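Here is a short briefing for a reader meeting this structure for the first time. Start with the picture, then take the topics one by one.

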Amino acid sequence: MSDATANGIPASGAPAKSSLLTQDALMRKRNAAEARFKAYGIAAIALSLSVLFIMLWTIFTDGVSAFRQASLTFPVTLDAERLDPEGNRNPEEMARVTTIGYTNLLNDALVAHLAAEGISTEGVDDGDIADFISRGTPAELRDQVLADPALLGQTITVSGFASGRIDGYLKGRVTRETAAVDTNISVEQLDLADRMVEAGILTSGFNWRFLTNPDASDQRPEMSGLGVAIIGSAYMMLLVAIFTLPMGIAASIYLEEFAPKNRWTDLIEVNISNLAAVPSIVYGILGLAVFINFAGFPQSSSLVGALVISLMTLPTIIIAARAAIRAVPPSIRDAALGVGASKMQTVFHHVLPLAAPGILTGTILGLATALGETAPLLLIGMVAFVQNYPAGPFDGGMLDPATALPVQVYSWASRSDPAFIERSAGAIIVLLAFLVVMNIIAIVLRRRFERRW
Amino acid sequence: MTHLKLGASALAISAIAATGSFAQTRDQVQITGSSTVLPYATIVAEAFGENFDFPTPVVEGGGSGAGRAKMCEGVGPNTVDIANSSSRISQKDLDTCAANGVTEVMEVRFGYDGIVFASAVNGPEFAFTPSDIYNALAETVVKDGALVANPHTQWAEFNPALPAQDILVLSPGTKHGTREVYDTRVILEGCEATGAMAAFMAAGQDEDAAEESCLKLRTDGRNVDIDGDYTETLARLDADTNAIGVFGLSFYQNNTDKLRVATMNGVVPSTESIATGEYPISRPLYFYVKMAHLDVIPGLQEYVEFFVSDEMAGPNGPLAQYGLVSDPELAATQEMVRNRVAMGPLN
């Protein structure tokens with residue numbers, strides 16, 4: 001008995017050695033460790049947030065200017081002699097006048113308009129003035145005239161884009177310092193641009209056509225847009241949803257509700273997880289071999305792209321759908337079975353509706369990942385210059401060549417004209433906007449329909 | 001059961017969509033290959049789509065070798081029609097082609113591409129000769145009459161006319177079509193001019209072995225192979241202003257505000273000096289047409305003729321404005337294209 005007193009239990013009357021209110025060394029050490037751990041966590045979050053912020057900041061500062069565009073507005077007299085030498089107003093004969101003929105017409109018209117407005121063109125020859133007009137404008141005018149030959153002989157007001165470097169000057173990308181060493185533009189041209197802005201010939205506005213135009217060649221960066229890429233991405237996402245959703249749901253319901261638990265289902269389970277981790281380029285190789293070379297599907301088409309991306313997304317969707325089905329409590333199934341429902345009825349009347357929000361969320365997140373994929377598309381010919389819009393979805397448009405949003409980012413980033421850098425960043429902004437919208441839909445679905453037990 | 005029905009019908013619809021209506025022809029020309037030729041091909045494709053009633057051809061990049069391999073996969077609408085190439089087709093490619101039934105190929109040379117050395121625009125000026133590049137980059141150089149492992153760290157060490165700046169060259173990677181002309185027209189020339197070639201042969205190597213020794217570049221980080229696009233080279237040059245980058249002439253012409261071009265043997269590279277042959281480093285650009293597709297794919301013949309027409313590939317055409325050196329023998333090429341002459345065996 002006396003031992004116990006000696007072994008640490010304080011004798012009555014002696015002051016307590018430790019208390020909850022005063023910290024001893026061990027306690028301080030443990031508290032310090034906790035504080036340190038919290039600091040690490042906050043530092044990790046701060047670091048990742050700052051990296052994210054820097055990334056978004058550079059993309060936005062680079063890319064926002066892609067949504068503005070300088071335009072030239074000036075009157076053009078459509079000289080019938082030049083545009084319809086035969087004089088028959090027959091569009092087929094008029095088509096023999098190529099865009100080069102229209103380029104000369106536009107150049108002359110701009111030079112004449114500057115002279116008529118009394119704008120000094122000192123130090124700038126006619127060829128340098130022609131450099132102001134985008135090389136895409138003549139093609140637009142030609143299309144307009146061929147569609148309506150009655151325009152010949154009239155004077156119409158043409159509003160077309162200014163060329164990439166003039167546009168860059170209004171955006172601050174091209175400055176007098178860079179123009180001094182740049183052989184593609186001179187300081188005198190910039191002075192003239194200033195005078196044209198004053199006279200209201202050169203204006204700048206929001207560039208809707210960045211979202212609607214197809215891609216353009218290296219010589220006319222200002223005409224390039226995301227139209228074909230947006231349609232291609234939309235077709236692919238639609239097809240991927242159609243391909244993967246039924247298959248993914250069927251597979252996960254079977255595996256969760258019906259499949260016996262044995263070595264085979266274990267093997268399948270492991271393989272699904274493995275497939276979700278296979279690098280996406282592997283699916284591209286598979287797609288090239290199976291869908292194009294073996295099945296003979298057309299190259300560069302959004303159908304093949306969608307098939308490849310479906311294969312890639314399917315494991316992710318199966319995993320998400322299985323998790324959602326597993327989250328439905330067994331009591332629901334027991335109750336349904338208890339009142340005499342068959343297994344099938346239990347699944348389709350009770351389990352699946354309750355799991356649906358989870359399945360949809362998982363699917364949308366899987367689609368969002370798929371939206372950003374370029375690597376598999378590289379091998380099936382979708383990383384390409386495609387200028388014709390695909391046809392409508394019911395006219396076989398999914399078999400037409402198309403590109404996708406991330407592809408456009410990639411191909412613009414490797415072009416030589418500096419104007420494509422801003423357009424590449426602009427395409428990233430559009431892609432991010434799509435991803436944000438998809439994620440918001442996923443969150444809203446989850447909030448509105450998810451049931452918690 | 002509605003869910004099941006919905007799923008089943010969706011599957012059925014997609015199956016029909018996938019297998020249903022495959023036209024066995026293709027409406028638009030499909031082109032793939034060299035990323036050097038890509039900008040020229042897109043310029044032509046765009047103008048072709050504007051001025052003809054055919055759809056705009058689809059143009060892919062990806063590299064000369066990959067493009068030729070793709071063209072040689074076989075005949076049929078799901079294979080490409082044209083392979084762009086920044087180097088000449090090899091016998092190996094032709095053999096693959098023949099084995100896959102692509103027996104007749106038309107070789108079209110449409111112009112030349114200059115290779116330029118350029119540094120950051122704020123840096124000093126450089127005037128190179130092939131010997132300078134060899135002395136800077138080779139693994140083994142001749143110093144005081146003897147072959148030694150390259151000791152140079154600054155340009156001025158072997159040529160006092162060059163600035164005292166650390167050596168760093170961003171060379172085209174071995175996967176680049178540019179690398180071949182870089183090796184033969186710069187490194188080998190320099191090897192011969194500095195006497196290293198003779199020294200290798202004096203050391204008992206035969207000519208092939210000596211050439212191989214010439215082409216060995218130093219691996220201590222002063223020569224960096226860039227396998228990506230010229231945009232990557234430009235980005236590296238922004239990051240390290242001491243570097244000298246190797247670019248295509250057209251890329252340089254689009255970025256004259258960021259790059260200062262170096263002369264070679266005292267000649268400033270331009271489309272004119274390359275056309276006259278004064279500027280020594282250039283290479284021909286080709287595209288190869290699968291002749292079995294000429295009457296099958298609508299617009300293919302017209303596209304090829306349009307590409308080599310004076311309007312496009314001539315000295316005043318848009319391709320020349322972009323940096324292509326027009327081919328002096330363009331008229332012969334136009335004639336060949338009109339008559340659909342298949343290429344003979346390689347010589």
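**A sheet in chain A**

Phe74(A) has Val158(A), in β2(A), as its bridge partner. This pairing belongs to a predicted model. The points below start from the sheet around that bridge, then turn to helices, domains and the contact between the chains.

**Strands and their order**

- Strand β1 of chain A covers residues 68-77, and strand β3 of chain A covers residues 202-206.
- These two strands pair in the antiparallel sense over 5 bridges.
- β1(A) also pairs with strand β2 of chain A, residues 155-161.
- That pairing is antiparallel too and runs over 7 bridges.
- Leu72(A) has a bridge partner in β3(A), namely Leu202(A).
- Leu72(A) has a bridge partner in β2(A) as well, namely Gly160(A).
- The 3 strands make an open sheet in the order β2-β1-β3 of chain A, with antiparallel pairing.
- Which strands stand at the edges? They are β2 and β3 of chain A.
- Each edge strand has a single partner strand, so one side of each lacks a neighbour in the sheet.
- From one strand to the next, the twist averages 35 degrees.
- Strands of a sheet pair through backbone hydrogen bonds, in either a parallel or an antiparallel way.

**A helix across the sheet**

- Helix α8 of chain A, residues 164-171, lies across β1 and β3 of chain A.
- α8(A) runs at about 125 degrees to β1(A).

**Helix pairs in chain A**

- Two packed helices are described by the angle between their axes and the distance between the axes.
- Helix α5 (residues 99-117) of chain A packs against helix α7 (residues 137-147) of chain A at an angle of about 105 degrees.
- The axes of α5(A) and α7(A) are 8 Å apart.
- Angles of 65 to 115 degrees count as roughly perpendicular, and α5(A) and α7(A) are therefore roughly perpendicular to each other.
- On the α5(A) side, the contact is made by Thr99(A), Tyr102(A), Thr103(A) and Leu106(A).
- On the α7(A) side, Thr137(A), Pro138(A), Ala139(A), Leu141(A) and Arg142(A) take part.
- By class, the residues of this contact between α5(A) and α7(A) are 5 nonpolar, 3 polar and 1 charged.
- Helix α15 (residues 302-326) of chain A packs against helix α17 (residues 343-371) of chain A at about 150 degrees.
- The axes of α15(A) and α17(A) lie 8 Å apart.
- The crossing of α15(A) past α17(A) is right-handed.
- Contact residues of α15(A) include Ile309(A), Met312(A), Thr316(A) and Ala320(A).
- Contact residues of α17(A) include Val351(A), Gly358(A), Gly362(A) and Leu367(A).
- The contact of α15(A) with α17(A) has 13 nonpolar, 6 polar and no charged residues.

**Domains**

- Chain A is divided into domain 1 (67-207) and domain 2 (227-449).
- The C-alpha centres of these two domains of chain A are 45 Å apart.
- Their contact takes 4 residues from domain 1 of chain A and 4 residues from domain 2 of chain A.
- The domain 1 side of that contact in chain A has 1 nonpolar, 2 polar and 1 charged residue.
- For chain B, the domain assignment gives domain 1 (25-111 + 284-339) and domain 2 (114-282).
- The C-alpha centres of the two domains of chain B are separated by 31 Å.
- Domain 1 of chain B gives 15 residues to the contact, and domain 2 of chain B gives 14 residues.
- On the domain 1 side in chain B, the elements giving two or more residues are α14 (318-322) and β14 (325-326).
- That side of domain 1 of chain B has 6 nonpolar, 9 polar and no charged residues.

**Where the chains meet**

- The contact takes 43 residues from chain B and 41 residues from chain A.
- On the chain B side, elements giving two or more residues include α1 (2-19), α2 (38-51) and α9 (230-239).
- Which element gives the largest share of the chain B side? It is α2(B), with 9 residues.
- The chain B side divides into 19 nonpolar, 17 polar and 7 charged residues.
- Strand β4 (residues 384-385) of chain A pairs with β2(B) in the antiparallel sense over 2 bridges.
- Within β2(B), Glu60(B) stands opposite Ala384(A).

Methods:
Residues are numbered from 1 along each chain as its sequence is written. Chains are lettered from A and ligands numbered from 1 in the order in which they are written. This is a predicted model: local features need pLDDT of at least 70, side-chain atom pairs count only at pLDDT 80 or more; totals for chains, interfaces and linings use all residues. Axes are lines fitted to C-alpha atoms, for helices over the stretch in contact, and angles run from 0 to 180 degrees between N-to-C directions. Helices (H or I, at least four residues) and strands (E, at least two) are DSSP runs, numbered from the N terminus. Angles under 35 degrees count as roughly parallel, over 145 as roughly antiparallel, 65 to 115 as roughly perpendicular and the rest as oblique. Two residues are in contact if their C-beta atoms, placed from the backbone, lie within 7 Å. Ala, Val, Leu, Ile, Met, Phe, Trp, Tyr, Cys and Pro count as nonpolar, Asp, Glu, Lys and Arg as charged, and the others, Gly among them, as polar. Domain bounds come from an automatic or database domain assignment. A crossing is left-handed if the near helix is turned anticlockwise from the far one by less than a right angle, and right-handed if clockwise. Two strands pair if DSSP finds at least two bridges between them.
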